[in-house]
Amino acid sequence: MATLKDGDYNIPVSLKGGSGRAGIASPAPVHVEKNKTTTEITWSSEHYDYMKVDGKKYLKTNKTGNSTFEIPVKDISKPLDVIGDTTAMSKPYEIEYTITFDTSKAQRVGGNSSAATVAIPVIIACAAAAVIACIAVKRHKKKAGTDA
């Protein structure tokens, strides 16, 4: 079982099932907190009105645009069987799909990997290098007798 530390991730996903015409956005946002994992699935269509995971129904989280759902993921290392209800045809149909997460390509979002965490030490190092360079130039000018 792949275990992700608490935090937010973007993880590539693939979808199997249905007619093959529907798709989902990849990578998918994934949130992990206290050993509970949820993902946000956005379909390539606005015609999905609910999803079912483990028999529980989840409604859309948006009112316009392609249908988006926040659903739980028990074990992100295993394919997730879901049902999507589409209203794109003459009547609503529940269609079975399987979503697979490629955790080997998970990208952490925010937290300790933010740009600010990396940028601050770089800025300090550059400032220190500039001070050292100024001191070296000043000493060189003083030795040459051109100190102003």
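Modeller: The chain of this predicted model exposes about 10100 Å², and carbon and sulfur atoms supply 56% of that area. Buried residues make up 24% of the 148 residues in the chain.

Colleague: Which strands form the open sheet, and in what order?

Modeller: Five strands form the sheet, in the order β7-β4-β3-β1-β10, with antiparallel pairing. β7 (68-73) and β10 (107-109) stand at the edges with a single partner strand each, so one side of each has no neighbour in the sheet. From one strand to the next, the twist averages 30°.

Colleague: What makes β1 and β10 a pair?

Modeller: A pair needs at least two bridges. Three bridges join β1 (residues 7-11) to β10, therefore the two strands count as paired. They run antiparallel, and N10 stands opposite Q107 in β10.

Colleague: How do you know that β4 pairs with β3 and with β7?

Modeller: By that cut-off of at least two bridges. Four bridges join β3 (residues 28-33) to β4, and six bridges join β4 to β7, so β4 pairs with each of them. Both pairings are antiparallel. E33 has K36 in β4 as its bridge partner, and T42 stands opposite T68 in β7.

Colleague: What lies between β3 and β4 in their hairpin?

Modeller: Two residues lie between the strands, and K34 takes a positive phi near 50° in this hairpin.

Colleague: Which residues of β4 are on the covered face, and which on the uncovered one?

Modeller: T37, T39 and I41 form the covered face of β4 (residues 36-42), while K36, T38, E40 and T42 form the uncovered one. Side chains alternate between the two faces of the sheet in a regular strand.

Colleague: Why is D85 said to have no salt bridge?

Modeller: A salt bridge requires a side-chain nitrogen of Lys or Arg within 4 Å of a carboxyl oxygen of Asp or Glu. The nearest side chain of opposite charge to D85 is K57, 7.4 Å away, so D85 has no salt bridge.

Colleague: Where is D85 found, and what is it in contact with beyond its neighbours within four places in sequence?

Modeller: D85 is found in strand β8 (residues 80-86). Leaving those neighbours aside, D85 is in contact with H47, Y48, D49, Y50, P92, Y93 and E94.

Methods. Residues are numbered from 1 along each chain as its sequence is written. This is a predicted model: local features need pLDDT of at least 70, side-chain atom pairs count only at pLDDT 80 or more; totals for chains, interfaces and linings use all residues. Side-chain values use heavy atoms; hydrogens and water are left out. Axes are lines fitted to C-alpha atoms, for helices over the stretch in contact, and angles run from 0 to 180 degrees between N-to-C directions. Buried means under 20% relative accessible area, exposed over 50%, partly exposed in between (1.4 Å probe, protein chains only). Accessible areas come from the Shrake-Rupley method with a 1.4 Å probe; for residues, only the protein chains shown count as cover. Lys and Arg count as positive and Asp and Glu as negative; His and the chain ends are not counted. Contact means heavy atoms within 4.5 Å.
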